[in-house]
Amino acid sequence: MSGTEHGLIFRLVERARRRSAWLYHFNAGACNGCDIELITCLTPRYDVEQAGIKLEGSPRHADVLCVSGPVTHTTREALETIYGQMPEPKVVVAIGSCPATCNVFAGSPFIDGPLDKIIPVDIYVPGCPPRPHAIIEGISLAIERLALRKSGATAVSK
Amino acid sequence: MNSSRAFIALLIFPGLLYALPIGWLMLGIERKLKARFQGRIGPPLSQPFYDVVKLLAKLPVSREASDIPLLTGLPLLAIGSMLGTLALLPVFRDESGLVGDLIVLVSLLEIPPLCFILAGYASRSIYGEVGATREAVVSIASNVPFLTALVAMAASAGSMHSSQIVSSTPWMVRIPALAAILFCLPIKLRLNPFSLANAEQEVLAGPLTEFDGPRLALWELAHALEWVALIGFVVVLAIPYRSPLWYVNAAGFVLLSLALVPLLTLLAASTARLKLAQATSMMWRWGGSVAALALAAAFFVRYGGQ
C-alpha cells in the first residue's frame, strides 16, 4: 500500500513535502543583493513560514537548495560538497541572473558557472536582484516538483 | 506494581499516545504564537507533524557503517527515557503502575541532554562540537538550581517518593522551589534567551548539524516529548491536590501543561540570545539564590519548629 501511487502513506508524504520545505541558502560569490531579497521573504511582510518554509542552518536538514551568485572558482568545491550532503529528494533553485547566465561576470577566468554546468537546476528565478514575490513563486514551483519526485515513494516503502 | 497499569502509563496516558500529539500541539502553538508576537501569520498548528512525516520519508546520505548505530541509538535512547519519565509522573492519586522515586525520575529526565551532547561529539562536526560544549556547560549550570530546589522539596516532605513530595511539601518551600524549577524550564527546553546549544545559523544547527532524514525526525520526536515531560514535571509538582476521580486529575494536568506554553513562547519571542558567560552567571546568581531560599525554608520547616 505504501509504495503505490494512490496509497494513504504516499499521499500523506506528498502533502507533508508541500507543507514543510526547508531551505538552505548558498552564496556562490553573489554581490549580496539576491541574499537580501531572499531573507526579506522571512519578514512579517512576506512571511513564508505560513507555508511551512523555513531557513535551515545545515544542508543535511534541507529540501531546497537556493543558490545565488555566478559560482566562482573558490566556491565550486563547497557547492558540490553541500549538494552531496543534502538527502534525497532535493531541488535546486537558482536565485537571480548570476547562477543562470553568469550575468556581468560572464567570460571571467575566475568564474566556473553558470550553475547548471555544476549541479542540476530545477527552477530559475531571473532578476538582478529578483523581487521577493518572484523568489516565493520560484520556491513554490520547486516545492511542487519536490512533492511529486518519484524517489520519495521508494524511500517510504523501504 | 501492576503490569497492565504500567503499560497504560507508558503507552497511553501520560505516555506515548497522549504525549506525541500533545508534544506536536505544544510545538505548533509555540511556532504559531511566536509568529503572532512578531506580527506574522505563522505556520498552521499541524506544522511539527508534517515536518516529522517529511523527514521520515527522506533518503539519508550514506555514512560510514560505524556511525550508524550511534547516530540512531542516541535519539532513540532520548525518546525512551522521556517516555519513562512521563510514565513515572505522579498524575493520579494512587500509583500509576510503574514504581520509582524522585531519583529515578530525575535521572531519566537528565538522559536526553546527555544524548544531545554525545550526538554533537559523535557527529565529528566542528559545529556539532561547539554546540555540544555549550549544551554541557549550560546543563551543568541549570542543574544547580534545579536539583537544589528538588532536594529542598524532598527534605521538607521527608521523603524521596515523588507522590509523597507532591502531596506534603509545605507552600513555604514549594513556592521558591517551583520558581527555581520554572527558571530552569526555558534552559532545559533550549528556548530563546538560553538557545545557546542549538543556536540556529550561529553554529549552523548545533549538535544536530550532521543528522539528516529519519535520524533528524527521531530528534524532533525526542524534542516534542521533552516538552511534554518537562512541562508535565513542573505541573505535577505545582498541584498538591489529587482528586479521587481520575479524569479530573488528567484534565487538570493537560490544561495546566498547555497553559505554560504561551508563557514560555512569550519569553522566547521577547528576548535575544544570551552569551554563554551571561547565561551561566544568570543561572547561578538568580536561579541559585531562589533555590537556596527554598533550601533555607526547607531547613526551617524541618528543624525550626523545635
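User: How many C-beta neighbours does S159(B) have inside 10 Å, and what does S159(B) count as?

Analyst: Burial is judged by counting other C-beta atoms, placed from the backbone, within 10 Å of a residue's own (20 or more is buried, 12 or fewer exposed, in between partly exposed). S159(B) has 17 such neighbours, and therefore counts as partly exposed. This is a predicted model, in which local features need pLDDT of at least 70 and side-chain atom pairs count only at pLDDT 80 or more, while totals for chains, interfaces and linings use all residues. Residues are numbered from 1 along each chain as its sequence is written, and chains are lettered from A and ligands numbered from 1 in the order in which they are written.

User: Where is S159(B) found, and which residues is S159(B) in contact with, leaving aside neighbours within four places in sequence?

Analyst: Helices (DSSP H or I, at least four residues) and strands (E, at least two) are runs numbered from the N terminus, and S159(B) is in the loop between helix 7 (126–157) and helix 8 (162–168) of chain B. A contact requires C-beta atoms, placed from the backbone, within 7 Å; beyond those sequence neighbours, S159(B) touches A154(B), Q164(B) and I165(B). V138(B), by comparison, is 21 residues from S159(B) in sequence and 29 Å from S159(B) in space, C-alpha to C-alpha.

User: At what angle do helix 4 and helix 6 of chain B pack?

Analyst: Axes are lines fitted to C-alpha atoms, for helices over the stretch in contact, with angles from 0 to 180 degrees between N-to-C directions. Helix 4 (residues 67–88) and helix 6 (residues 111–122) of chain B pack at about 170°, their axes 9 Å apart. Helix 4 of chain B is therefore roughly antiparallel to helix 6 of chain B (under 35 degrees is roughly parallel, over 145 roughly antiparallel, 65 to 115 roughly perpendicular, the rest oblique). Among the residues making this contact are L70(B), L74(B) and M82(B) of helix 4 of chain B, together with C115(B) and L118(B) of helix 6 of chain B. By class, the contact has 13 nonpolar, one polar and no charged residues (Ala, Val, Leu, Ile, Met, Phe, Trp, Tyr, Cys and Pro are nonpolar, Asp, Glu, Lys and Arg charged, the others, Gly among them, polar).

User: Which residues of helix 2 of chain B meet helix 3 of chain B?

Analyst: The axes of helix 2 (residues 16–37) and helix 3 (residues 47–56) of chain B come within 7 Å and cross at roughly 115°, so these two helices of chain B are roughly perpendicular. From helix 2 of chain B, W24(B), L27(B), G28(B) and R31(B) meet Q47(B), P48(B) and F49(B) of helix 3 of chain B; these residues divide into four nonpolar, two polar and one charged.

User: How many residues does each chain give to the contact between chain A and chain B?

Analyst: Chain A gives 23 residues and chain B gives 27. On the side of chain A, helix 1 (8–19) and helix 6 (151–157) are the elements giving two or more residues, and helix 1 of chain A has the largest share, five residues. That side of chain A has seven nonpolar, nine polar and seven charged residues.

User: What pLDDT does chain A average?

Analyst: The pLDDT is the predictor's confidence in each residue, from 0 to 100. Chain A averages 87, and 91% of the residues score at least 70. Over residues 152–158 of chain A, however, the pLDDT is below 50, although this stretch has 16 contacts in the model beyond near neighbours in sequence.

Note on methods
Contact = placed C-beta atoms within 7 Å.
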